[in-house]
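Subject: Structure handover

Hi,

Here is the structure I promised to pass on to you. Please have a look at it first, and then read my notes below.

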Protein chains: 2
Amino acid sequence: MGVGPGDPELLTLKAARVLSQVDAVVCPSSAKGKSSFALEIARIHIGKDAQIIEMTFPMEYEEGLMESCWRECASGIDKLLEQGMDVAFITLGDPMLYSTYINMMGYLGEPGAAEIIPGVNSFSLAAARTRVPLAMGEQTLSIVPLGKNENRIECALESADNIVIMKPSALSGQLAREFSSRGLEGSFVLASMCGTQSEEISRDIERLSAKRVPYLSTIIVKKGGIK
Amino acid sequence: MGVGPGDPELLTLKAARVLSQVDAVVCPSSAKGKSSFALEIARIHIGKDAQIIEMTFPMEYEEGLMESCWRECASGIDKLLEQGMDVAFITLGDPMLYSTYINMMGYLGEPGAAEIIPGVNSFSLAAARTRVPLAMGEQTLSIVPLGKNENRIECALESADNIVIMKPSALSGQLAREFSSRGLEGSFVLASMCGTQSEEISRDIERLSAKRVPYLSTIIVKKGGIK
């Protein structure tokens, strides 16, 4: 299930109900001992007798290592299910868009037996907080996870009328330069940590290029400009 | 606020709380006397003393007519606010993606005074119900409202690794032919009326080309194929 983008009130009624009913909640964290943001959001909704199980998925692009993590996690969940427990797997945002769940579900004994509960995407909250619409009328919207691949920048900026850039932190300086060279320096908004106390919103190209951009950030680019 | 894609349990906790507290709920409908789907979804959450106000937005692409509708609706809402009422404007899915609210908000007296509450998008529910992920890892996702413009089909299918086609009903036959000619006949899923009793899911290219596709339909195309 998706727990939404950061505010515990942006869970769906269904996600909150299920969290209050299950026997165990499995949540992904990026490193042992590091707290899971999905769990922080979900915590107040989880029943008091439920078991909370953190599973670690290192954020590395070594395929063999990741695969063995997914397999191990799936087998752990299968064991809980065999014991007759109801289990919820929580993910940030929506489970069908860039979540650990997608990678893991193929390794479950009966992936088709699980119900998937959709959630609010981080870019929907970013748009709401910045008051910058994602797309209207016949416009297209493209969602691009940037990561560390510089070659994706140009392609991303040509792909649609409006562009959501996810994971911009590693290449924010290069992005700022590309915006400037395309005359887009007034056509973007950066939204970080939306729905949390560390929320930060900026339309300043200097901010994008000069300071470190937090990992949980979204950039909305509107080629038609921002009103 | 967004009321999500169709299931009254897929509202956010925040949307449900606000609906139970406001004095008036404004909902868009496409024709006078025609029921508003957003209102059907929201109805059980609305406080019993709240005023329900339907405003008509004809689904026509005559710009002058649409503009006067948005202006009239905004001025109606401004009047309620001047009377000291708390007002919620409801939209299907997420208010910042293809909603009537985006068009209307520019005409409000104080658009910045309104809080925007994000919602679950129809394509997130379509992905959950069909178990077809929208995008994973470094893949890109493109959202394209098809409408009646045949020229958009080719462009849409070349735009990303994964494509969500919204409003496919008018051109579903042409889409089916384009899928076949590109070898994509096994790489799409059609989801209609998700979260309602009329839900229909199909991966059959014949279904897409032969029978009328409902207006509230989403097609997910995965160039890498569907597992």
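A definition to begin with: I call a residue buried when its relative accessible area is under 20%, exposed when it is over 50%, and partly exposed in between (1.4 Å probe, protein chains only). Helices (H or I, at least four residues) and strands (E, at least two) are DSSP runs, numbered from the N terminus. With that in hand, take β8(A): six of its six residues are buried, so the strand is largely enclosed by the rest of the structure. Both of its faces are covered, with A:Ser217, A:Ile219 and A:Val221 buried on one side and A:Thr218, A:Ile220 and A:Lys222 buried on the other.

Some housekeeping before the rest. This is a predicted model, in which local features need pLDDT of at least 70 and side-chain atom pairs count only at pLDDT 80 or more, while totals for chains, interfaces and linings use all residues. Residues are numbered from 1 along each chain as its sequence is written, chains are lettered from A and ligands numbered from 1 in the order in which they are written, and side-chain values use heavy atoms, leaving out hydrogens and water.

On confidence, pLDDT is the predictor's own score for each residue, from 0 to 100. Chain A has a mean of 92, and 97% of its residues reach 70 or more. Within chain A, helix α1 (residues 13-21) has the highest confidence, at 98, and helix α6 (residues 152-157) the lowest, at a mean of 85.

Now the two copies. Superposing them by least squares on the C-alpha atoms of residues with pLDDT of at least 70 in both, chain B can be laid on chain A with an RMSD of 0.0 Å, by a turn of 180° and a shift of 0.0 Å along the axis. That is the relation of a two-fold axis.

How do they meet? Counting a contact as heavy atoms within 4.5 Å, the interface takes 50 residues from chain A and 50 residues from chain B. Of the interface residues of chain B, 100% are also interface residues in chain A, so the copies meet through the same surface. Buried area here is the accessible area (1.4 Å probe) that two parts lose on being put together, summed over both. By that count the chains bury about 4,100 Å² between them, 59% of it on carbon and sulfur atoms. B:Glu9, B:Leu13 and B:Arg131 supply 17% of the area that chain B buries against chain A, more than any other three residues.

Helix α1(A) is worth a look here as well. Its buried residues are A:Leu13, A:Lys14, A:Ala15, A:Ala16, A:Val18 and A:Leu19. They pack against β1 (24-29), α2 (37-42) and β3 (87-89) of chain A, together with α1 (13-21) of chain B.

Next, the sheets, where two strands pair if DSSP finds at least two bridges between them. An open sheet of 10 strands has the order β7(A)-β6(A)-β8(A)-β5(A)-β4(A)-β4(B)-β5(B)-β8(B)-β6(B)-β7(B), with mixed pairing. At its edges stand β7 (200-202) of chain A and β7 (200-202) of chain B, each with a single partner strand, so one side of each is left without a neighbour in the sheet. Neighbouring strands are turned by 15° against each other on average, direction ignored.

Axes are lines fitted to C-alpha atoms, for helices over the stretch in contact, and angles run from 0 to 180 degrees between N-to-C directions. Helix α7 (residues 172-181) of chain A packs on this sheet, touching β5 (162-166), β6 (188-192) and β8 (217-222) of chain A, and its direction makes about 10° with that of β8(A).

β8(A) pairs in the antiparallel sense with β5(A) over five bridges, and A:Asn162 has A:Lys222 as its bridge partner. Five bridges also join β6(A) to β8(A), again antiparallel, with A:Ser192 opposite A:Ser217.

Chain B also holds an open sheet of three strands in the order β2-β1-β3, with parallel pairing.

Finally, B:Leu134, in the loop between α5 (122-130) and β4 (141-145) of chain B, is buried, with a relative accessible area of 0%. Leaving aside neighbours within four places in sequence, its contacts include A:Asp94, A:Met96 and A:Leu97 from chain A, and B:Phe123 and B:Ile220 from chain B.

Best wishes
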